[in-house]
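Subject: Handover of a structure

Dear colleague,

Please find the structure below. My notes on it follow.

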Amino acid sequence: MKPHTLIIATLAISSGSLLLSSCRGDRNEALISKPAPGHSAATRNAQAAPPSVVEERELVLSDADTVQQAIVRQPLSKMTAGLAQPMMTLPMERLPVTGHDDSGENYAALIRNATIETTAQPVSTFSIDVDTGSYANVRRFLQAGRLPPENAVREEELLNYFSYDYASASDTEEPFSITTELGATPWNSSTHLLHVGLKGYVPPVSDISAANLVFLIDVSGSMNSPDKLGLLKSSISLMAQQLDDTDTVSMVVYAGSSGVVLEPTAGNNHRKIDQALSRLSAGGSTHGAQGIELAYQLASENFKDKGVNRVILATDGDFNVGVSDVEQLKKLIARKRESGVALTTLGFGTGNYNDHLMEQLADVGNGAYAYIDTLSEARKVLVDELQATLLTIASDVKIQIEFNPAVVSEYRLIGYSNRQLANEDFNNDRVDAGEIGAGHTVTALYEIALRGEGGERHSPSRYGRKDDKLTADADDASLLGEVAELRLRYKLPGDADSQLSTRIVSLPDAGQYNAQANSDNFRFSASVAAFGQLLRGDERLADYDYKDARLLAAEAMGNDRFGYRAEYLRLLDLAGSLDRFSRMDHHAPVREEG
């Protein structure tokens, strides 16, 4: 991986945790007060430093400093001066939040996608998504011995957790390849699956520009556990091992006042980076908005033309001071992304975890969302897939499919329920959409009913168009062999105007409808799609169960270099056992659609 400039911004938001001493010589020193043993949280809050101290100081730690000794920088008021200004309206409306579920965690309500009659609405449009957070979060629940909340399951993030063996794109002018495949639906013998796959171009190492990365790390009181701040520090240290002398690393502490704990440092100075990480500790409330402001300020100060400029927010998402509303934070990030700095989010922890916030901030910040539940997952995201995590090769990527009503009677998109766009947004370059990183694969599945094969879910329309009229409407007999036209819009890095690619999806030979004739990509993704729908209690899978999904995946393992697919088989076993147990438990709550 080519070098990166890495700035690690740390949130240690703690009203009343900082006391500033008088000036000594040519520098100021700040002492972080520690409450006496036995003092309650209320007592500590009562002893908070005056607002004039907390709001008007910014701490900077040099390599020789500890967290108890800091250089005072500019007033924080300069950093937050723009917060009260009007913010832009986001082009993508998201679904309402459900609030905390019985796990104490926060998930956005997901409305399952309906089956659409093609004659009524032949066009489907959505933004691509390379997030993987939902899969790792689902794994965490299953390994803890419980089924995940239904709203924690986003089928597209389960699909895109895995890489698929799609053909590679050849250059940056065509930044991704397009693969389509049609085959039988495993859970419904009367319908078919349309599989759409994209794979991002992987540039040679010599062509990868240096990056300016700002890690915005939450070290508030809610992060005080080994699976949060402890794992977070280990994860960053692991990533730093990939950097070299042309990369730059900086760190910032935010604890009521904000400060730099590590001035810009060469990426190969791993000892200095680890020393700065070791000085971090958790305590206090979480003023996330101010940390975001500082992180973007630092990213702008170190902006690299033609390089990677990115803020990486690492937190449990428990913002509880200042701007904490999801919609307001989204507007803040949407405004900041105009500077050319993207936002990626890394989620940590359990209990008070805010998945809703983490997923949506990455969405509007032109980045991706990952959930880090183990050091192995940190290695996957921050080491093995580092190029895909950091290097964007195409932005605002939208998919639009127009189904041929003479061939397809109904369709439904599996997942992407909070990524769908109005059809007119496809041609509007001002509408934000997802990004593809170097080597990323993106997978989407539609379940479709072909005319005359009996897979329709809607009742026949008394007054609608008849099948023979639809056939007669075809201008060209060749159109009767077309299932759909696939359209892609995307922007190359730095471009304001999008480019358009199209692909016709045709009916295959009848023999290709045999599931065994389909590729490993098709069959494995179909299993994962079934897994997600089963976890959400989707009755459209009828009697298809976890054992069926496991059998399908086991026969389509393909290249499993890192063992992720083998782990998936184990998760299917766990989910099947937990599902059977919940069905036997007469006191188990009824599973409702999100």
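In which loop is glutamate 173 found? Glutamate 173 is in the loop between α5 (155-159) and β10 (176-185); helices (H or I, at least four residues) and strands (E, at least two) are DSSP runs, numbered from the N terminus.

This is a predicted model, in which local features need pLDDT of at least 70 and side-chain atom pairs count only at pLDDT 80 or more, while totals for chains, interfaces and linings use all residues. Residues are numbered from 1 along each chain as its sequence is written, and side-chain values use heavy atoms, with hydrogens and water left out.

Salt bridges
The whole structure holds 26 salt bridges (a side-chain nitrogen of Lys or Arg within 4 Å of a carboxyl oxygen of Asp or Glu). In one of these, glutamate 105 pairs with arginine 140, with the closest N and O atoms 2.9 Å apart. This pair links distant parts of the chain, 35 residues apart: glutamate 105 lies in the loop between β6 (97-100) and β7 (106-108), and arginine 140 in helix α4 (residues 133-143).

Cavities
There are 3 cavities of 30 Å³ or more (on a 1 Å grid over the protein atoms alone, sets of points where a 1.4 Å probe fits but cannot get out; lining residues have an atom within 4 Å of a point). The largest cavity has a volume of about 130 Å³, the volume being the space filled by probe spheres set on the points. Strand β19 (residues 408-414) gives the most to its lining, with 3 residues.

Yours sincerely

Technical notes:
On a 1 Å grid over the protein atoms alone, a cavity is a set of points where a 1.4 Å probe fits but cannot get out, and a pocket is an open set with protein on both sides within 12 Å along at least five of seven lines; lining residues have an atom within 4 Å of a point.
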